[in-house]
Amino acid sequence: MKSLFKIFNLTIIREYYRQNAVFIFAIMMFAFGFLQASEHIAIIKQILRSQSLILLLFIVWVLHALKVVLFTLRLLESKSNEFLYHARLFPSLKRFFALCLLQFSLIQLTFLYSLAMIKIGVEENLWGAIVAIIICNIFLIVAGAVVYEYRLQRPNSERVTNKPIERLFAKFQTPAYLFFIRYLFAKQPVLLLLTKLFTCMVLIGVCNLYPTDEYDERLLSLGGILVAAGHTVFCQQYYYFETKYLSFTKNLPFTNLQRLWRYGLAYFLLLLPEIIVLVRNLPDGVSYGFILLLIIFSLSLIFLNHHVQYINNVSDDAFMQRLFFSGILFLLLIMFKIPIILLAIINFSLAIFVFRKHYLLSEFNT
Amino acid sequence: MLTIKNFLKSYNNHKILAVDELEIPEGIHWIKGINGSGKSTLFRSIAGILPFEGQIKLNELDIRKDAVQYRLLVNMSEAEPLYPDYLSGYDLVKFVADAKKSSGEQLTLLADSLGVSQYWKSPIGTYSSGMQKKISLLTAFLGNPKLIMLDEPLITIDDRTVEVVYGLVKSYHENHGVSFLLSSHQDFRFEKLAVKNIYTVQNQAVTKQ
């Protein structure tokens with residue numbers, strides 16, 4: 001089993017954490033960056049005592065497990081990993097344990113949180129909730145292993161890619177600015193769903209908070225920063241997608257303007273759900289003109305974030321630090337009432353500068 | 001035609017390929033070299049896909065200063081193309097055709113001769129490696145290039161397509177004055193073509209035989 005798990009570790013687990021470093025960091029920042037430990041404990045106690053809240057939490061865990069499962073299936077279906085189907089030659093019991101271990105390694109984000117919940121549950125004598133958490137974790141591990149086992153026994157990628165949305169897309173010619181959006185639908189549907197849920201919930205929260213006190217438009221602008229921060233995972237995915245599958249586009253005779261326009265259009269289309277949410281939840285006293293500025297501001301932040309990916313030799317740690325401090329900087333600028341349209345113009349200008357300087361020099365570093 | 005000066009390609013400070021000065025005239029040229037010698041790196045650098053130190057010019061067009069004009073004239077087909085499996089071959093080919101300013105007539109003609117039009121509306125995920133290779137070869141002939149680089153053009157394709165590729169190379173060279181850089185690690189593959197020069201890529205350098 002050791003050799004089997006080792007190969008799963010090298011091909012799937014490491015790749016998952018490498019590709020999702022930003023996603024996990026964003027979750028950690030959001031979960032632990034704004035709340036104190038005592039507040040976390042209070043929330044956990046509340047969840048443990050409420051059946052509906054714990055059910056809601058399980059749904060989130062299931063969505064996360066689904067994201068992990070889809071990622072693994074995608075790797076299993078890729079041609080470069082076809083050798084993994086040799087796993088069938090191992091005894092079924094050993095193989096199943098290795099697959100359970102694989103799934104367990106991939107759901108560490110929710111599993112570690114569940115451990116904290118169990119500890120607090122024991123202290124509070126909430127045994128029913130503890131049993132439910134343990135059962136949920138076992139279910140997530142076994143269900144994942146069953147899905148992988150099913151795929152290993154049926155190595156037929158065509159059947160997997162035969163999805164209704166994909167079939168609909170396939171009926172029409174796909175323009176280049178939709179290549180990445182189709183990639184998200186086809187390869188990262190859970191990431192797409194979770195990110196959009198997160199950013200739309202942030203905007204709904206901000207819009208509902210606005211009339212409860214004497215807030216001004218700066219509150220909505222802060223929401224715009226969070227929306228852009230949520231899209232960081234897309235920026236990294238876009239860069240990965242482009243360097244892996246579309247490196248030949250650097251040989252195509254596009255002007256800088258054509259290339260920039262295509263990126264801008266793709267991100268604008270990705271922001272459509274947020275635009276709809278903003279328009280539908282527009283607080284009284286806020287004009288549609290401001291909503292337009294806010295969208296331009298968020299788009300400019302995402303646009304800049306996309307283009308800094310082209311700078312070579314920036315480690316994940318360094319990138320995260322820069323992202324964090326940039327977020328703080330923008331927060332301060334907004335609090336000091338710097339107009340967001342001015343910030344947007346600066347962001348777009350910086351993005352174009354970075355693109356012109358680094359795009360053709362960029363190389364994907366694994 | 002193609003001038004390479006002070007060329008250096010390295011990964012993580014490890015030198016892959018260095019060329020002090022190399023002039024490649026018009027014609028069909030064979031770039032030889034064993035696996036991993038740097039043929040693909042050279043092709044991808046000349047195509048503008050990989051960054052490098054030094055200077056590459058096609059006639060008087062500089063790869064960096066005249067980025068758009070240069071790329072209109074330099075096409076490439078990769079040895080082992082990797083495309084998004086959920087797109088159709090037509091999505092990709094049409095995208096490249098529009099970029100390279102290829103006429104619809106040229107696209108149809110090439111697709112029919114290579115046999116691509118029979119399957120190009122299906123998702124790439126359903127293609128064999130040979131079918132993907134034909135998509136890649138097709139894109140290299142689109143537009144009005146002056147230099148086409150075919151990296152290992154004959155691997156994975158069937159005998160009929162090999163003959164089609166020979167025919168296209170001959171026709172583009174004789175009728176349109178297009179030059180070719182063809183790479184292969186095998187010794188006998190381009191005997192049917194009027195190869196002008198043979199260059200060997202080895203020991204991190206390119207030498208004319």
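Here is a short chat about a sheet in chain B of a predicted model.

Colleague: In what order do the six strands of the open sheet in chain B lie?

Modeller: The sheet is open and its pairing is mixed. On average, neighbouring strands are turned by 20° against each other, direction ignored. Reading across the sheet, the order is β6-β7-β8-β3-β9-β10.

Colleague: Which strands of chain B stand at the edges of that sheet?

Modeller: Look for strands that have a single partner. One side of each edge strand is left without a neighbour in the sheet, because each pairs with just a single strand. That gives β6 (74-77) and β10 of chain B.

Colleague: Take β6(B) and β7(B): which residue is the bridge partner of B:N75?

Modeller: β6(B) pairs with β7(B), residues 147-151, in the parallel sense, over four bridges. In β7(B), the partner of B:N75 is B:I148.

Colleague: And over at β9(B) and β10(B), which residue of the hairpin takes a positive phi?

Modeller: Strand β9 (residues 195-202) and strand β10 (residues 205-208) of chain B run antiparallel, joined by four bridges. B:Q202 is bridged to B:A205, and two residues sit between the strands. The one with a positive phi, near 50°, is B:N203.

Technical notes:
Residues numbered from 1 in each chain as written. Chains lettered and ligands numbered in written order. Predicted model: local features only at pLDDT ≥ 70, side-chain atom pairs only at ≥ 80, totals over all residues. Pairing = 2+ DSSP bridges. Axes fitted to C-alpha atoms, helices over the stretch in contact; angles between N-to-C directions.
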